[in-house]
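Welcome! Here is a short briefing on the structure below, arranged by topic so that you can follow along in your viewer.

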Amino acid sequence: MFAALKKKETYSHYFATLKFALYCITHPLDGFWDLTHERRGSMAAANTILILTLLARIMKLQFTSFIFNKVYWPELNIFLYLASVLFPLALWCVGNWGLTTLFDGKGKLGQIYMATCYGMTPYPLIQFPLILFSNVVTVDEAEFYSVMSAISLVWAALLILAAMMQIHEYSLSKTVGFTVGTGLAMLVMVFILLLFFSMISSGVAYFVSVAREILFRM
Amino acid sequence: MKKMMTRFGALAASALIAFGSCLAVNAEEGYTYNYDYWGDVQYSPDTYKVVGVYTSVELGLDTLMNNPTGLFIHGDMVYICDTGNNRILEIRRTDTEKFELVRIIDSFKGNVEVNTFASPTDVSVTDDGYLFVADQNNHRILKLDMDLNYIMEFDKPTDATYNQDLSFLPSKIVTDTAGRVYCVATSVNSGLIKYEEDGVFSGFVGATPVTYDFVDFIWKKLSTKEQRAQLESFVPTEYDNIYVDHEGFIYACTTHVAEQDLDTGAADPIRRLNMMGSDILVRNGEWEIIGDLYWGDGGGYKGPSLITDITAFDNDVFVGLDKVRGRLFAYDDQGRMVCAFGGNGNQDGYFRRPEALDHMGHDLFVLDSLDCSMTVFTPTEFGNDIFQAIEQFQNGEYTASGESWQRVLELNGNYDLGYIGIGRSLLRQKRYREAMDYFRLKWDDDNYSKAFKQYRKEWVEEHIVVIFLVVFAVLCIPLAIGKIRNIKAEIDRADIFRDFSA
C-alpha cells in the first residue's frame with residue numbers, strides 16, 4: 001500500500017478524477033455517464049469533495065459575516081451540525097440503492113455515493129468565495145449573497161438528479177419518480193431508527209433498573 | 001463545652017450557606033430585566049426604585065379611596081379620579097417624597113342639572129387652565145376652569161357614524177394643544193372619538209385596521225350561518241387608554257389582543273397615532289412591542305401582557321403598564337426595550353391591580369385600583385445614565401452620549417442598548433472601525449452595515465493605488481504570459497531554426 005503511495009500515477013489519477021468533477025458540473029449528462037462507465041471518477045476524489053463540503057459548512061459558521069449568518073453559539077453542536085449533512089447523505093445513498101436495485105437500476109451503492117458526492121461540487125465551489133464575499137458587503141447588497149447561495153444549492157440538486165439518471169440508466173421521469181421514492185424511503189428509515197433507538201434505550205433502562213434493584217437488595 | 005461550640009459553629013455555617021444560596025437565587029431572578037438579541041431574558045440592575053407607596057392615609061384623606069381609575073399629572077400637580085367616591089383628588093408634589101392634598105373636587109359651579117360627578121374615570125388639565133373630566137355615568141365630558149366653573153360639555157355624538165344604540169360611556173380622555181378632545185368610550189371600536197374645541201364631534205381617529213387572512217376567508221365561506229355567528233367577527237379592536245406626548249402625537253394602547261395575533265405580529269397593543277390616525281410608532285427593535293415575550297402561566301397568571309395604560313417621556317421613551325403581571329415596560333424611540341420591571345404582590349414596587357400610569361419628569365406614577373394606592377418610582381443611577389445617554393444622543397452630543405453609555409455598561413455589561421448606543425455615538429464621530437466592533441457584538445446588522453459602508457469607502461479611497469495595481473496585475477500578467485508563449489512557439493516553429501533542429 002505504501003508502495004502505491006510513492007508512485008506518481010496514484011496522484012495523477014487522483015488529481016485527474018478530482019478535476020473531472022469540474023467537467024461533471026458543466027456537462028452533467030456526459031460527465032456522470034463517464035464517471036462510472038468510463039471509470040473517470042474515484043472514491044478518493046468523492047471523499048475529498050465531501051470533506052470540502054463539510055469544511056465549507058464549518059467555515060461558513062465561523063467566517064461568514066454576521067449579517068448573513070447569525071449563530072447562536074451556546075446551542076451549537078458541531079457534531080450534530082456535521083451530521084446534518086452526513087446523516088441525510090447516508091440515508092439517501094442507502095435508500096436510493098435499496099429502491100433502485102429492485103427496479104433494475106444499474107448503480108451500485110459505492111457508485112451512488114460517488115456520484116452524489118460529485119454532484120455536491122458546486123456547494124464548496126461557490127460557498128468558499130461567498131464567505132469572503134460576505135465580509136465586504138452590507139445589508140443593502142445582501143441579495144447578491146442570497147442569490148448565489150441559492151444557486152449553489154439548486155445547481156447541486158440538479159446535478160445529483162442528473163447523476164442518478166446516468167448511473168442507473170433511467171429516463172428523466174423515472175429518475176424524478178425514484179427521487180421522490182427515495183425521499184419516502186428516507187422517512188421510513190428515520191422512523192425505524194427512532195423506533196429502534198427508543199426500544200433499545202427502554203431495554204437498557206430495564207436491565208439497569210433490574211441491576212440497581214439487585215444491588216439495592218444485597 | 002467545646003463540642004457544643006463546634007456544633008453551634010457548624011450550625012451557623014450551614015445556616016450561612018443556606019442563606020447565601022438563597023441570596024444567590026434572588027440575585028438571579030431579578031426585579032428588572034430585558035431581552036437580548038436572541039430573546040433571552042437578561043436580568044439587569046434596577047432602573048427604577050420606589051420612592052413611596054401613597055395610600056389614602058398618607059395623602060390625608062378622611063374618606064378612603066374607592067376604586068381609583070384615573071391618573072393625570074400636570075406640572076407638579078397629580079390628579080386622581082377616585083371613581084368609587086365620585087370625586088377627583090388634586091394633590092401637589094412638594095418634595096421628592098412629599099405629597100400634599102390641595103383640594104377634593106366633588107362638585108362644580110354652573111347652571112347645569114347635575115353638578116356632581118358619577119363615576120369619573122379620567123381627568124385632563126390643559127396648559128391654559130382648563131380641567132376636563134370624563135364623567136362616565138353622566139354620559140358627558142365636562143370642561144371646567146380651575147375655579148370649577150362649568151364651561152361646556154361634550155356629549156354623545158349625534159352623527160350618523162356613531163351607533164346611536166350605544167350609550168355614551170367616556171372612559172379615557174386626552175386634550176391636545178389646540179383644545180381638541182380625544183376620548184376612548186366603552187364598547188366603541190371605531191377608534192378615538194374626536195371633538196373640536198367648540199364641542200363638535202368631528203369623527204373617529206385611528207381605528208385599528210381589521211386584519212384577516214385568506215384562511216379566515218375560506219373558513220367563513222365554508223361555514224354555515226350558525227357557525228359563522230360563533231366565529232370571531234372581524235371587528236376593529238377598541239382602545240383602552242391614550243396619552244398625548246410632547247409632540248402632540250397620541251399613544252394608544254389596547255388590551256383587546258388575541259394571543260395568536262401577537263405571535264404572528266399582526267396585533268399592535270401599542271400605537272402612536274398622528275393627526276390622520278395612522279400608526280407611526282417606530283419598530284426597529286429585534287422584538288415586537290408587546291411587553292413580555294414569554295407567557296408562562298406561573299403564579300396563576302397566563303396569557304400575554306395586556307397593556308392597560310401608557311405614558312411617554314419627553315425623550316420619546318414610552319412606558320406601558322401590564323395589568324396581567326403588574327409589570328412596566330419601557331421602550332426607547334426606536335422601539336427597543338429599555339427595561340421591564342415590576343410584578344404582582346404586596347411589597348413596595350409590586351401591584352395588585354395596576355390601573356393607570358403617568359409620569360413627572362422621569363418619575364413614574366402607578367395607580368393601583370384594588371390597593372387604592374399610588375406608587376411613585378424614580379430612576380436609579382443606572383436608569384438616569386440610560387436616559388441621559390438617550391437624551392444626549394437626541395441633542396446631538398454624541399461624544400457625551402457615548403460616555404454615558406459607557407457608564408451604563410460599567411453597571412450592567414449585559415445591556416445591549418449600551419453597546420449599540422456606543423456604536424451609534426462612534427458612528428456619528430466617524431470612528432467607523434470601532435463602531436463596527438460594537439455593533440457586531442450585539443448583532444445589529446443595520447447599524448453595522450451603515451458603519452461598514454463608510455469604512456469600506458474610506459478603505460477603498462486609501463488603498464486605491466494598491467487595488468489598481470492588483471487588478472492590473474491580475475488582468476495583464478496572464479495576457480503577457482500568453483503573449484510570451486506565443487512568441488516562443490513561433491520561434492520554435494520558425495523556418496530558420498528548422499534546419500538546426502533537424
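Two residues are taken to be in contact if their C-beta atoms, placed from the backbone, lie within 7 Å. With that cut-off, Tyr398(B), Thr399(B), Ser401(B), Gly402(B), Trp405(B), Gln406(B), Val408(B) and Leu409(B) of H6(B) meet Gly418(B), Gly421(B), Ile422(B), Ser425(B), Leu426(B) and Arg428(B) of H7(B). Please keep in mind that this is a predicted model.

**Chain B overall**

- Chain B contains eleven helices and 25 strands.
- The radius of gyration of chain B is 32 Å, whereas a compact globule of 502 residues would have one near 23 Å.
- Of the 502 residues in chain B, 37% are buried.
- Among the contacts in chain B with a separation of 6 or more, 45% come from residues 24 or more positions apart.

**The H6(B) and H7(B) pair**

- Helix H6 of chain B covers residues 398-411 and helix H7 of chain B covers residues 416-428; their axes come within 8 Å and cross at roughly 160°.
- An angle over 145 degrees counts as roughly antiparallel, and H6(B) and H7(B) are therefore roughly antiparallel to each other.
- The handedness of the crossing of H6(B) and H7(B) is left-handed.
- In the contact of H6(B) with H7(B), six residues are nonpolar, seven are polar and one is charged.

**A loop residue in chain B**

- Met275(B) sits in the loop that runs between strand E18 (270-273) and strand E19 (307-312) of chain B.
- Because Met275(B) has 13 C-beta neighbours inside 10 Å, this residue counts as partly exposed.
- Met275(B) and Gly206(B) are 69 residues apart in sequence, and their C-alpha atoms are 8.7 Å apart in space.

**Helix packing in chain A: H4(A) with H6(A)**

- Helix H4 (residues 43-63) and helix H6 (residues 109-119) of chain A pack at an angle of about 45°, and their axes are 8 Å apart.
- That angle makes H4(A) oblique to H6(A).
- H4(A) and H6(A) form a left-handed crossing.
- H4(A) brings Met43(A), Ala46(A), Ile49(A) and Leu50(A) to the contact, while H6(A) brings Gly110(A), Tyr113(A), Met114(A), Cys117(A) and Tyr118(A).
- The residues of this contact between H4(A) and H6(A) are eight nonpolar, one polar and no charged.

**Helix packing in chain A: H3(A) with H8(A)**

- The axes of helix H3 (residues 28-37) and helix H8 (residues 142-168) of chain A come within 8 Å, crossing at roughly 50°.
- H3(A) is thus placed oblique to H8(A).
- The crossing of H3(A) with H8(A) is right-handed.
- Pro28(A), Leu29(A), Phe32(A), Trp33(A) and Thr36(A) of H3(A) make the contact with Leu159(A), Ala162(A), Ala163(A), Gln166(A) and Ile167(A) of H8(A).

**Where the chains meet**

- Eight residues from chain A and ten residues from chain B take part in the contact.
- On the side of chain A that touches chain B, the residues divide into five nonpolar, one polar and two charged.

Note on methods. Residues numbered from 1 in each chain as written. Chains lettered and ligands numbered in written order. Predicted model: local features only at pLDDT ≥ 70, side-chain atom pairs only at ≥ 80, totals over all residues. Axes fitted to C-alpha atoms, helices over the stretch in contact; angles between N-to-C directions. Helix = DSSP H or I, 4+ residues; strand = E, 2+ residues; numbered from the N terminus. Parallel < 35°, antiparallel > 145°, perpendicular 65-115°, else oblique. Left-handed = near helix turned anticlockwise from the far one by under 90°. Nonpolar A, V, L, I, M, F, W, Y, C, P; charged D, E, K, R; others polar. Rg over C-alpha atoms; globule rule 2.2 N^0.38 Å. Buried ≥ 20, exposed ≤ 12 C-beta atoms within 10 Å, placed from the backbone.
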